[in-house]
Amino acid sequence: MQFHHNGYVSGDPRVQPAAGVGLDRPDELPDEMDVLIVGSGPAGMLLSAQLSQYPGVVTRMIERRDGRLVLGQADGIQPRSVETFQAFGFAERIIAEAYNIGYMNFWGPDPEHPGQITRTSRTEDYGYKISEFPHLIVNQARVLDYFAEAAANGPGRMKPDYGIEFLGLTVHPDGSPEAGDHPVEVRVRYTAGERAGEERTVRAKYVAGCDGARSGVREAIGRKHLGGISAHAWGVMDVVVNTDFPDWRTKCAINSAAGNILHIPREGGYLCRMYIDLGEVSADDNHEARKTPIETIIAKANDILQPYAIDVREVAWFSVYEVGHRVTDHFDDRGEGADASPRVFLTGDACHTHSAKAGQGMNVSMQDGFNLGWKLGSVVAGLAPTELLATYSAERQPVAQQLIDFDREWSSLMARKPEEISDPQELANYYLGTAEFPSGFMTEYAPSAIVGEATHQALATGFPIGKRFKSSEVSMVCDGNVVHLGHHAKADGRWRIYAFADAPAAGEASALASWAEWLSDSAESPLARFTPEGADIDAVFDVKAIYQQPHEGVDIMAVPEAFRPKTGPLGLMDWEKVFAAAPSAWCKTDIFEERGISRDGTVVVVRPDQYVAHVLPLTATAELAAFFEGALRPQR
């Protein structure tokens with residue numbers, strides 16, 4: 001963590017200096033704002049934390065509840081989400097309180113006693129196999145708390161406006177007399193406090209609907225959920241128990257003649273979540289299955305667990321649901337091929353719903369918010385063209401459809417009867433064989449104004465264009481400490497440009513030195529073209545160099561000044577933009593080898609949401625300049 005560059009800090013360094021709207025944020029919801037977020041779920045809270053990094057953007061978030069969420073229904077945290085938490089500054093703290101899924105065990109009918117279950121396999125969980133981050137279980141309410149803290153500590157000092165519900169909206173056509181500078185007219189009503197029941201109208205430039213499966217924002221813009229509910233009911237409960245079931249503190253998939261259970265230990269050492277198969281639902285059930293009492297769910301669980309049993313001491317929460325798979329027809333109000341840029345966006349359950357058993361809902365929702373947040377911030381701040389906003393739906397809708405397809409297959413496998421299973425290892429093999437998708441690492445965005453073509457992909461095979469930047473360890477040249485290169489990328493809205501050096505050492509003539517000179521001195525350089533007048537030289541681009549030598553073999557004072565910018569009100573040199581790849585006493589890996597990076601040098605461009613945008617040779621300065629001409633607005 002870097003601080004003191006704005007002056008000596010004696011308090012919590014996670015609290016950034018207030019700026020812009022954060023200097024005098026009004027308590028009352030204003031009549032006009034740049035961005036209005038409706039709903040404080042995972043997507044909404046992440047969106048607010050991201051937009052708090054844009055203090056020139058007036059952002060507010062309304063929530064119908066009168067305070068924070070106390071009991072969240074979602075709890076599975078995939079490695080990609082923990083990677084995102086790292087960018088927002090709280091991964092280590094939430095890991096400490098979460099349950100780490102180290103293993104998943106599988107149970108099936110005992111061949112000698114078909115009415116009873118036996119353990120059929122033990123498998124290591126996929127978390128640490130494909131990431132430096134674990135697969136976690138933690139209450140959704142705590143995730144929201146951490147994002148709320150990040151938002152409140154950001155320069156914009158974002159806080160939810162609790163006790164205000166969304167009633168409807170009207171989008172006035174751009175250029176019409178009614179549109180003005182804030183064309184989205186939003187009707188709201190106070191639900192708590194002295195003003196409870198009062199209605200009013202506010203205006204916004206953009207609205208983000210993060211208001212769940214029954215989204216009022218979705219209805220207001222005429223978007224439709226496409227899909228249906230399967231004829232299968234599941235009970236879910238968070239319980240503390242006494243039991244003789246030996247795998248109570250291990251994640252398990254349990255299949256028996258009486259039904260199926262997905263068993264998930266939760267944080268704290270005692271609490272567990274159980275998804276219990278309640279069987280087929282008749283066509284004329286009319287959702288009566290949803291009224292199943294908790295006593296029936298517990299009895300069903302005990303039938304499935306034979307010869308073991310649970311003695312439930314407390315039920316923290318329970319529900320009954322029928323598996324539904326739906327995707328909204330479009331994730332914004334304008335649709336594909338529209339002439340004007342969208343004004344209203346849908347995220348999370350407002351645009352995709354599915355079962356909870358694959359552990360994807362909260363995770364995919366947060367990535368919706370991450371994708372949208374920096375785009376809204378960049379457009380409203382004047383850093384990017386409005387056309388950027390159309391890429392949100394174009395990128396996230398295919399991801400949602402892939403999620404639905406995966407969840408449908410996983411749910412079907414989980415609901416099978418014993419006689420339908422020919423291979424007892426099939427579910428375990430599927431769980432591990434498809435791990436990259438549920439972990440969040442299969443997302444791959446197609447070429448666009450913010451994703452380049454794969455013409456030079458061979459220069460960095462381990463950084464596929466359109467996929468998230470997969471970190472690796474390097475040594476900081478300034479002090480020799482080993483760090484993950486990707487962990488230096490914070491969710492601050494900046495683009496990352498990683499310059500991987502060719503063979504010569506710092507201070508010698510090289511392709512990297514020539515590239516750095518162009519970046520610093522050329523009028524065509526992205527730094528010159530897209531950095532606002534008067535801003536720090538790294539306000540939009542965070543440029544880092546990675547040398548092939550060991551850290552003690554790099555003279556940091558011989559490194560080009562492009563990698564040693566002087567920033568902040570004190571004009572202090574940043575020492576933490578230069579890294580070494582060669583193995584050392586503490587760093588055993590070489591990122592060039594780990595990620596298939598050419599020894600002739602490579603430039604890897606990464607978007608603010610951690611996705612690789614382009615891979616180019618060090619000599620391709622014109623291509624780099626052209627790429628950013630399509631992604632950003634010239635500032636000078």
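Tutor: Let us begin with a pair in helix 2 (residues 79-88): Glu83 and Arg80 are 3 residues apart there, so about one helical turn separates them. This is a predicted model, in which local features need pLDDT of at least 70 and side-chain atom pairs count only at pLDDT 80 or more, while totals for chains, interfaces and linings use all residues. Residues are numbered from 1 along each chain as its sequence is written, and side-chain values use heavy atoms, with hydrogens and water left out.

Student: What makes the pair Glu83 and Arg80 a salt bridge?

Tutor: The term requires a side-chain nitrogen of Lys or Arg within 4 Å of a carboxyl oxygen of Asp or Glu. The closest N and O atoms of Glu83 and Arg80 are 2.7 Å apart, so the pair meets that definition.

Student: Why is Glu83 called buried?

Tutor: Buried means under 20% relative accessible area (1.4 Å probe, protein chains only), with exposed being over 50% and partly exposed in between. Glu83 has 6% relative accessibility and therefore counts as buried, and Arg80, at 2%, counts as buried too.

Student: How do you know that Asp609 and Arg607 form a salt bridge, and are they buried or exposed?

Tutor: Their side chains meet at 2.8 Å, N to O. Asp609 is buried, with a relative accessible area of 1%, and Arg607 is likewise buried, with a value of 1%.

Note on methods
Helix = DSSP H or I, 4+ residues; strand = E, 2+ residues; numbered from the N terminus.
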